[in-house]
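Hi,

Here is the structure I promised to send over. Have a look at it first, then read my notes below.

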Amino acid sequence: MENSIKIIMSERGKELVVVSSHKYRFIRKRKDELLKWICYNKSCYASILTDVKKTQVIKVIGEHKHEAITSQNIDRQVLRENCKRKASDSISTRPSKIIRKKLLTNVGTDIVHKDISSVRKAMYMARRKNVPIYPKSFDEAIDKIWEMQNDDIFKFNNKKFIHIPMNKSFICITTEDNLNFMSSCTEYFSDGTFQFAPNFFMQMYTVHCFKNGFYLPVIFIFLKDKFKQTYIEMWKFIKELYLQHTCWQRCTHFRTQS
């Protein structure tokens, strides 16, 4: 149909209608209940009137003074906006997986390979809006994480996995499932590495459990130094977390590191 309506989303999350290969943005609702839309090209004043359900074009007003957009451009915009929303909602999902899934559900698209790069770039930009500015110091980094540790973006299966002590001296990453798994083990091994610590931290300390012949990492801790007092505070914090989140309310002895 020549005047069939297709609803797509703009980069700002606003509804656009596509009619006869031209995009229109919403202007207002008239007294007669019709919706008025004007051409998305700001130098063009062509407009249309649609019913309130946005299913039928009632009237076309004026003519376009520019070329119509291609179906490839429309399909690319639809894919980009769908992927951006999904990337913001599922921050841990790889962009390539999101794009592939969206393409499989839209078999008839005219997307070409070079369009994928622009879609992936838009997804990364959308995700950056949900995270704070990159920190410039240890204090700034841990303060930002402290503020966001209970946000949904820092949860796995709707459960908190980032834990920070009151003095903000280190960051502990573990889950309630990991802590409960520790209660089923009898052997624990731990060590720190100074090669893979993130910026502003000196080392990454890892706690493993030995189960059925496998060493399984259950706790990751980022430390800013290697002082004895830091290790003491770290192990006390782990013990408190263990007792808070496990169903086994038993005292566990942790060896003090030096």
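Predicted model: local features only at pLDDT ≥ 70, side-chain atom pairs only at ≥ 80, totals over all residues.

Let's begin with the overall picture. The protein has six helices and 13 strands. Its radius of gyration is 27 Å, while the globule rule gives 18 Å for 258 residues, so the protein is more spread out than a compact globule. Along the principal axes, the C-alpha atoms fill a box of roughly 80 × 40 × 40 Å. As for burial, 34% of the 258 residues count as buried. The accessible surface is about 16800 Å², and carbon and sulfur atoms make up 53% of that.

Now the charges: there are 45 positive and 26 negative ones, and their mean positions lie 2 Å apart.

One stretch comes with a label.

S20 sits in the loop between β2 (15-19) and β3 (22-29). It isn't a glycine, yet S20 has a positive phi of about 55 degrees. S20 is partly exposed, at 30% relative accessible area. K168 is in the loop between β9 (162-163) and β10 (170-173). K168 isn't a glycine either, and has a positive phi of about 55 degrees. With a relative accessibility of 25%, K168 counts as partly exposed.

Cheers

Conventions. Residues numbered from 1 in each chain as written. Heavy atoms only, no water. Helix = DSSP H or I, 4+ residues; strand = E, 2+ residues; numbered from the N terminus. Rg over C-alpha atoms; globule rule 2.2 N^0.38 Å. Buried < 20%, exposed > 50% of the residue type's maximum accessible area, 1.4 Å probe, protein only. Areas by Shrake-Rupley, 256 points an atom, 1.4 Å probe, with all protein chains shown as cover. Lys, Arg positive; Asp, Glu negative; His and termini not counted. Charge placed at Lys NZ, Arg CZ, Asp CG, Glu CD.
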